[in-house]
Amino acid sequence: MSLESVKEVAERFKDSLSCLLEDTASRSLLLAVSGGSDSMALMHLAAAWAKEHDVPCSAVTVDHGLRAESVAEAEFVKSAAQELGLAHNTLRWNSGTESRGNLQKNARDARYGLIAEYVGDGTVVLTGHTLEDQGETFLLRLKRGSGLDGLSSISVKRYVHSGEGGYWLLRPLLHFKRELLQAFLRRHSVAWVSDASNEDMRFDRIKMRGALAQLKEVGIGVENIADTVSHLQRARDALDQEIRHFASKFCLTEHGDLLINWVEL
């Protein structure tokens, strides 16, 4: 890892976030921070960007209550956020029967659900997903036999509908490698939390993490997967555009029914 590449992290982040914020009508940023290296890098980079651009910025941590360390980790994030001048709040998940079945998926759905209930009008939510997350998600969906939509994997920007409104969800670190972000944190003496569940091979995502390491040995890295995902996303977007064009030209709704004008076809 070169020193120059670490120094360039902040500038790359500024370019990434500024581009993603276009057309969002954002009035403030809400950072989803777990305490891991990815989200801690996000918080430090976004806090600096927000200060430079005079944009309100705060952080939130979702405590799933699944590990004994989770309360202390939320407090760790709160302390780190306050040192950066950010307000922080902890949202707690009452898992109940949702802790059964696909635990990681249920926890992820709960996280976004709690954030949707918490986020204010005009607030843009940022998460710390990285290039490795993209690779793991692609392999998970490949294992399940997903089609074009599924294999398009994680989008860098999407609008999340919630109730009568919604919010923009941005992932400005999606093209950053985790090792680069960790080097950035070490350079700035920033600590992060290590989650023991990230080594638990009972979870499919952790198995995919191991598979990525094996694929790297035969020349298939997360960068290759990200390129493939990008091609698939462009194909999906092109199809969506054609469908919207077809619908606007040949379709109409009548009493809740979708009608196709076969004469025009």
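Hi everyone, let me start with helix α10, where Val-222, Ile-225, Ala-226, Val-229, Gln-233, Arg-236 and Phe-250 are buried. Buried here is under 20% relative accessible area, exposed is over 50%, and partly exposed is in between, with a 1.4 Å probe and protein chains only. Please keep in mind that this is a predicted model: local features need pLDDT of at least 70, side-chain atom pairs count only at pLDDT 80 or more, and totals for chains, interfaces and linings use all residues. Residues are numbered from 1 along each chain as its sequence is written, and side-chain values use heavy atoms, with hydrogens and water left out.

Back to α10. Helices (H or I, at least four residues) and strands (E, at least two) are DSSP runs, numbered from the N terminus. α10 has 29 residues and reaches 41 Å from its first C-alpha to its last, close to the 42 Å expected at 1.5 Å a residue; that expected span is 1.5 Å times one less than the number of residues. Its buried residues pack against α6, α7, α9, β7 and β8, where contact is heavy atoms within 4.5 Å.

Now, the second largest pocket. A pocket is an open set of points on a 1 Å grid over the protein atoms alone, where a 1.4 Å probe fits, with protein on both sides within 12 Å along at least five of seven lines; lining residues have an atom within 4 Å of a point. This one is lined by Arg-141, Asp-149, Ser-153, Ser-155, Lys-157, Arg-158, Arg-236, Asp-237 and Asp-240. Which classes make up the lining? There are seven charged residues, two polar and no nonpolar; Asp, Glu, Lys and Arg count as charged, Ala, Val, Leu, Ile, Met, Phe, Trp, Tyr, Cys and Pro as nonpolar, and the others, Gly among them, as polar.

Ser-155 sits in the loop between α7 and β5. Is it buried or exposed? Ser-155 counts as buried because its relative accessibility is 15%. Leaving out residues up to four places away in sequence, Ser-155 touches Arg-171, Leu-174 and Gln-233.

Finally, β5 pairs with β6 in the antiparallel sense over six bridges; pairing takes at least two DSSP bridges between the strands. Arg-158, another lining residue, has Leu-169 in β6 as its bridge partner. Two residues lie between the strands of this hairpin, and Gly-163 takes a positive phi near 60 degrees.
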